Amino acid sequence: MANMQMNKTPMPEQEPNVRNANFQEVALGYTMEQAQNEAQRCLNCKNKPCVSGCPVGIPIPDFIAKVAEGDLAAAYQLLSDANALPAISGRVCPQETQCEGKCIRGIKGEPVSIGRIERFVADWAAANGIANVATAPKNGHKVAVIGSGPAGLTCAGELARMGYDVSVFEAFHTPGGVLSYGIPEFRLPKAIVKREVENLQKMGVDIELNMVIGKVLTITELFDTGYEAVFIGSGAGLPMFMKIPGESLVGVYSANEYLTRINLMKAYKPDAETPILHSKKVAVVGGGNVAMDAARCAKRLGADVHIVYRRSEAELPARAEEVHHAKEEGIVFDLLTNPVSIEGDEKGHVQSITCVKMELGEPDASGRRRPVVIEGSEFKMEVDAVIMALGTQANQMSYGDTPGLEKTRKGCVAADENGCTSCTGIFAGGDAATGAATVILAMGAGKSAAKSIDQYIKSKG
């Protein structure tokens, strides 16, 4: 008999006024009792609409049914057969617009908390030393993967399962891509990323660090060294700025730099080799998940933090959960507000930011109402740091000089839904092909590209 409670089983969390001063994980995870209670809310629909909303095709009702029965080993097998990184996607996937957005239970109440159950199962497997690392016998074919973010890791894992020798080339000194440098510890502990990478290594995936493809080796040279196919999963790590006066002042960061220094280099620790300034008042410009991450990091470093966003709350692109957590933690939202300049002191350090108030006009090309400046509404906000979280674009370093490789107008690799590009043997997916998007969409692209690579190599005979 299904559990017909209308609301999700709550997830235990750290108290807001405790967690906003530490970098430990906010959500504490379900107990077995809580996971089973939530799993029993699933109606096991005949048409399985939730599966159609999952970019990696997890058999959601099937693995949830196993949790309801208490068979966690079977649940993990089903989950991990479809998803190479379940402990990660269970934490950071925007389920509300994917699987949970299609859940029938969401029509007259809250959808089943699929992500929380996925996280529970993956964490249970890790705690019990269980990892799905089985692979087919080696087939003698070599594939190179550029980038160890969610697209690259997923592609590598899928190919390793099929028996390919896979080498992943990562520019940084730590694998994980945006999972390591972009998402804070309090949302995604780095020990989990490390564990998922180690599982791929147990499958035979070779990970080469400090390898900047395009500088150390070109894609053409990868083919020359025996790789039969190359997957470009280098992400979109090039930050964007507003091009307003004062952006070169000391104390103006891109969110990329700010988060990389905190997440990858642990700059928040007092003994860090590359410490970061502990600002008193910070303005974070933007309204997406990256803006929330940067703002919540700054709060944990002791700052009074303001999100400055030019549209209203209804248009915030960040996940509702991240906005909710940010508000709980004491972050102020200055909505319908836009910076026009940044001012500094005599030493070139940020001193204030000048903003204007906005109102919403007619919808623009994105379908959202266009923000319009209210004349005479200028005001100054005293701050000593500004973090620009305006999105990112593709960095063409790894592929820009590859002969015959077509790019999109925004500089991304032009690839179809199967990851195929204009060059034979070169495939691409994730943010490198689409521009900045979500972790789970990148994973889906990596999985699709792995199938295409397999078909391509087999077609060569």
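Helix α12 (residues 255-263) lies across strands β6 and β14, running at about 80° to β6. Here helices (H or I, at least four residues) and strands (E, at least two) are DSSP runs, numbered from the N terminus. Axes are lines fitted to C-alpha atoms, for helices over the stretch in contact, and angles run from 0 to 180 degrees between N-to-C directions. The model is a predicted one, in which local features need pLDDT of at least 70 and side-chain atom pairs count only at pLDDT 80 or more, while totals for chains, interfaces and linings use all residues. Residues are numbered from 1 along each chain as its sequence is written, and side-chain values use heavy atoms, with hydrogens and water left out.

The two strands under α12 belong to an open sheet of five strands, in the order β6-β14-β7-β8-β9, with parallel pairing. Its edge strands, each pairing on one side only, are β6 (252-254) and β9 (332-335). From one strand to the next, the twist averages 20°. Two strands pair if DSSP finds at least two bridges between them; β6 and β14 (residues 385-388) have three, in the parallel sense. One place to look is V252, whose bridge partner in β14 is V386.

Turning to helix pairs, the axes of α4 (residues 60-69) and α5 (residues 72-82) come within 7 Å and cross at roughly 165°. The two helices are therefore roughly antiparallel, a label for angles over 145 degrees, just as those under 35 count as roughly parallel, 65 to 115 as roughly perpendicular and the rest as oblique. On the α4 side, D62, F63, K66 and V67 meet L72, A74, A75, L78 and L79 of α5, where contact means heavy atoms within 4.5 Å. By class, this contact has seven nonpolar, no polar and two charged residues. Nonpolar covers Ala, Val, Leu, Ile, Met, Phe, Trp, Tyr, Cys and Pro, charged covers Asp, Glu, Lys and Arg, and the others, Gly among them, are polar.

Leaving aside neighbours within four places in sequence, V67 is in contact with A35, Q36, A39, L72, A75, I117 and V121. V67 and A39 are 28 residues apart in sequence, yet 6.3 Å apart in space, C-alpha to C-alpha.
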